[in-house]
Amino acid sequence: AIQPRVFSGVQPTGNLHLGNYLGAVSRWVPLQDQMETIFCVVDLHAITAGFPAPGELKAATREVTAAYIAAGIDPKKSIIFNQSQVREHAELAWLFNCVARMGWLSRMTQFKEKAGKNKENASVGLFAYPNLMAADILAYRATHVPVGDDQKQHLELTRDIAQKFNNDFANQIKELGIGVPNPTPSPELPEQIYFPVTEPMIAGPATRIMSLRDGTKKMSKSDPSDLSRINLKDDADAISKKIKKAKTDPEALPSEVDGLKDRPEADNLVGIYAALSGKTKQEVLGEFGGQQFSAFKPALSDLAVEKLAPMTGEMRRLTDDPTEIDAILKIGAEKASAIAEPVLKDVRKIIGF
Ligand code: ADP
Ligand code: NA
């Protein structure tokens with residue numbers, strides 16, 4: 001059987017923010033004790049929107065690695081590495097370029113958002129990005145992928161790729177005897193499959209943290225306004241300034257979650273408070289319902305500073321002298337290769353190379 005295995009990653013594109021932390025990294029921590037866990041710094045993805053200046057990619061890779069460790073990802077419990085050091089990602093992505101259909105990729109909303117108006121000038125890599133993401137996951141035959149809500153569509157594509165591969169090569173997989181029984185029998189899948197049909201893990205109060213300046217846009221590294229996000233490197237002053245300036249409406253906080261409907265900014269700030277404190281939104285409203293933002297915002301600032309300051313300090317310590325991080329990444333790449341190499345060997349056999 002395919003063993004339960006978690007894979008996830010963050011791009012090293014600078015400005016790691018509260019959305020990345022609450023929507024992804026913080027949720028990985030408890031999984032380390034439940035399953036085999038692999039966490040990647042996806043540097044091959046970071047060049048899809050343009051090549052960073054020399055040195056920037058390495059610095060950003062170290063910074064994301066530092067954030068993982070500072071957030072509680074333990075190199076003794078998890079494999080931590082960067083994508084470019086394990087060649088199987090790129091190789092499998094090429095094979096998946098030939099599995100995925102143009103029509104599937106054309107429907108990806110993130111490409112439309114990131115390419116903007118000038119699609120003709122977007123890199124082919126930006127268009128094919130979801131195939132690389134599928135390769136990241138399936139090179140480890142990972143069964144579970146904890147990510148934010150923005151990655152839902154890409155994960156569906158990963159499932160489609162796994163399914164098409166399992167179907168198209170059903171005979172070879174069976175003949176070579178390298179399949180596993182399909183754990184969730186369905187008429188769409190053969191009895192013996194090679195790639196698991198990965199389960200997304202998208203749940204909790206923080207799957208989509210919104211911009212502090214616009215409650216309809218997600219908090220993102222690429223937002224030109226620094227006031228739109230809380231960066232993990234922000235100090236206490238920056239955090240409280242940004243929360244103070246966060247866009248809100250003039251109403252008091254409601255006492256029931258229903259009252260957050262059609263109030264995206266209020267919903268977002270309450271969601272952030274909930275995620276940081278480990279409470280539900282309803283519990284937060286139980287405490288703050290009826291109060292004005294002028295009372296709620298300072299409480300939120302204090303909580304954010306309390307939670308983030310120790311992490312920021314640890315990140316600084318780790319990036320000041322990168323020896324430790326570089327050693328962790330090197331060992332991680334060796335461990336990751338040990339899993340991905342045999343998978344690619346199988347895949348080459350299945351395809352017939
Ligand atoms: P970004 O979207 O900021 O460029 P990445 O693409 O590297 O970041 O995403 C890394 C992880 O962080 C993914 O799991 C993604 O779903 C999650 N994530 C990114 N932005 C948010 C957000 N605003 N809210 C919740 N999760 C997010
Ligand atoms: Na993203």
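Let's start with a question: which residues of helix α11 (residues 281-288) are buried? They are V284, L285 and F288. Those residues cover an arc of only 100° around the axis, so they sit on the same side of α11. What do they pack against? The buried residues of α11 pack against α10 and α12 (293-320). Just after α11 comes G290, with a positive phi of about 90°.

Before going on, one caution: this is a predicted model.

Now the whole chain. It has 13 helices and seven strands. The C-alpha trace spans about 65 × 50 × 45 Å along its principal axes. The radius of gyration is 21 Å. A compact globule of 353 residues would have a value near 20 Å, so the chain agrees with that expectation. Of the 353 residues, 42% are buried. Now the contacts with a separation of 6 or more: residues 24 or more positions apart account for 77% of them.

Next, helix α3 (residues 88-97). Its buried residues are E88, H89, L92, A93 and F96. They cover an arc of only 130° around the axis, which puts them on the same side of α3. The buried residues of α3 pack against α6, α7 (152-168) and α13 (323-351).

On to helix α1. How many of its residues are buried? The count is 11 of the 11, so α1 is largely enclosed by the rest of the structure. Among them are L18, Y21, R27 and W28. The packing partners of α1 include both strands and helices: β1 (5-10), β2 (36-41), β4 (144-146), α2 (56-71) and α10 (264-277).

That helix takes us to the ligand. Which element gives the most to the shell around ligand 1? Helix α1 (residues 18-28) does, with four residues. There are 19 residues around ligand 1. Of these, Q11, G19, G23, V147 and G148 come nearest. Two of those names, G19 and G23, are also on the list of buried α1 residues.

Now two single residues. UniProt lists D136 under "binding site", in an unreviewed entry. D136 is in helix α6 (residues 124-138). Is D136 buried or exposed? Buried, because 27 other C-beta atoms lie within 10 Å, and the cut-off for buried is 20 or more. Leaving out residues up to four places away in sequence, D136 touches F7, G9, C40, V42, Q83 and H89.

Second, L232. Where is L232 found? In the loop between β7 (199-201) and α9 (236-245). L232 counts as buried because it has 22 C-beta neighbours inside 10 Å. With residues up to four places away in sequence left out, L232 touches L16, H17, Y21, A67, L308, M311, T312 and M315. Y21 there is one of the buried residues of α1. Along the chain, M219 and L232 are 13 residues apart, and their C-alpha atoms are separated by 13 Å.

Note on methods
Residues are numbered from 1 along each chain as its sequence is written. Chains are lettered from A and ligands numbered from 1 in the order in which they are written. This is a predicted model: local features need pLDDT of at least 70, side-chain atom pairs count only at pLDDT 80 or more; totals for chains, interfaces and linings use all residues. A residue is near a molecule or strand if its C-beta atom, placed from the backbone, lies within 6 Å of it. Helices (H or I, at least four residues) and strands (E, at least two) are DSSP runs, numbered from the N terminus. UniProt positions are given in the numbering used here, feature names are shortened, and annotations may be inferred rather than shown by experiment. A residue is buried if 20 or more other C-beta atoms lie within 10 Å of its own, exposed if 12 or fewer, and partly exposed in between; C-beta atoms are placed from the backbone. Two residues are in contact if their C-beta atoms, placed from the backbone, lie within 7 Å. The radius of gyration is taken over C-alpha atoms; the globule rule is 2.2 Å times the number of residues to the power 0.38. The arc is that of the directions from the helix axis to the C-beta atoms.
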